[in-house]
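Dear colleague,

Please find the structure below, with the sequence alongside. My notes on it follow, and I would be grateful if you read them with the model open.

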Amino acid sequence: MVLRKSWVLGLLMALAACSEGSKHPQEAAAPSVARGPAAPAPANSDSIPIRRLKAIQLPTTSRPPGTLLETRQWTDANGDNLLVLTRRGPLLEKATKYTEPEHYVELFARQYVRRAGRWQELWRLQDAVHNCPFDMWLGPLPGATSVTDLDHDGQTETTLVYKLTCRSDVSPSQLKLIMREGPAKYALRGYTVVQVDSVPISQRAPANPCCLDTLGKRQLEAPEGYLLTAGRYETEKEFRAAPPAFLRFARQQWRKWSVRDTFEQL
């Protein structure tokens, strides 16, 4: 199908670029952070008290544009933290004399920390699906957002798992896992597993989802090449500077959520 051909071409271009920096300037590369040895036992969000806020409870200075999707409030060594996720769209792109107006949708995430009685922005994320003439979706997977302290240093990690979809067939959606610990960012970016026939999704999921950047162009352009990408992410390079527990957790989360691609539509 036309969509599948364009999807494969887009994948090849993304792999050639080896970075999303030019497309999404808000996703800055993770800095190298000096760390001591990580403790072996992870702490998950079950051990960190989390409070969910309604829109009316949010500080007026900490509301990204769009419709409120999720909030989290908790405390760690930095103080009080606040996470806010919103979505804007679908909206019409600006038409030109060469193109028909298509739709786009934007996702915003911002984390704040309260210092001296004021909320200060710790980091932000902005992503989008642009120029989509088909079924479109962008948002966090329900239940996938987590707050952890995997290295037991008192500073929590925030992990978002969200998908980006523009399709008219059973092609996989894009899937992104973004982990933040203060200014440091670590990410896995790839594709979901979808139901294409009678084979259960659990059998379609790859045993080792890494790494798409090791696949050749010929493999990806083959008629069934899209099946090779399903459930896989591009690389684990961004976790090289992270404690080992971070990558173990990210891999576990990827396997859990990459098989949850339902066919929502905005």
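A nonpolar core is a set of buried Ala, Val, Leu, Ile, Met, Phe, Trp, Tyr and Cys residues joined through side-chain atoms within 4.5 Å. Buried means under 20% relative accessible area, exposed over 50%, and partly exposed in between (1.4 Å probe, protein chains only).

This is a predicted model, in which local features need pLDDT of at least 70 and side-chain atom pairs count only at pLDDT 80 or more, while totals for chains, interfaces and linings use all residues. Residues are numbered from 1 along each chain as its sequence is written, and side-chain values use heavy atoms, with hydrogens and water left out.

Confidence

The predictor's confidence in each residue is given as pLDDT, from 0 to 100. Its mean for the protein is 81, and 81% of the residues reach 70 or more. Over residues 1-43, however, pLDDT stays under 50. Where pLDDT is low, the predicted coordinates should not be read in detail.

Overall fold

The protein contains 5 helices and 9 strands; helices (H or I, at least four residues) and strands (E, at least two) are DSSP runs, numbered from the N terminus. Of its 266 residues, 47% are buried. Strands β3 (residues 103-115) and β4 pair in the antiparallel sense over 12 bridges, where pairing requires that DSSP finds at least two bridges between two strands. These two strands form a hairpin with 2 residues between them, and Ala 116 in the turn has a positive phi of about 55°. Within this pairing, Val 113 has Gln 120 of β4 as its bridge partner.

The cores

The largest nonpolar core has 22 residues, and those with the most contacts inside it are Val 161, Met 179, Tyr 186, Leu 188, Phe 239 and Phe 246. At least two residues of this core come from each of β8 (174-181), β9 (184-191) and α5 (244-257). The element that gives the most is α5, with 7 residues. A second, separate core of 19 residues includes Ile 48, Val 105, Ala 109 and Ile 178.

Contact here means heavy atoms within 4.5 Å. Beyond four places in sequence, Met 179 touches residues including Leu 150, Thr 159, Tyr 186, Phe 239 and Phe 246. Thr 159 lies in strand β7 (residues 157-167) and counts as buried because its relative accessibility is 1%. Leaving aside neighbours within four places in sequence, the contacts of Thr 159 include Ala 144, Leu 177, Ile 178, Met 179 and Phe 249.

The disulfides

How many disulfides does a search of the whole structure find? There are 2, a disulfide being a pair of cysteine sulfur atoms within 2.5 Å. Cys 132 and Cys 166 form one of them, with their sulfur atoms 2.2 Å apart. The torsion about the S-S bond of Cys 132 and Cys 166 is about 100°, so this disulfide is right-handed. The pair links distant parts of the chain, 34 residues apart, with Cys 132 in strand β4 (residues 118-132) and Cys 166 in strand β7. Cys 132 is buried at a relative accessible area of 2%, whereas Cys 166 is partly exposed at 26%.

Cys 210 and Cys 211 also form a disulfide, with their sulfur atoms 1.3 Å apart, and both of these cysteines are buried. Numbered in sequence order, the bonded cysteines pair as 1-2, 3-4.

With kind regards
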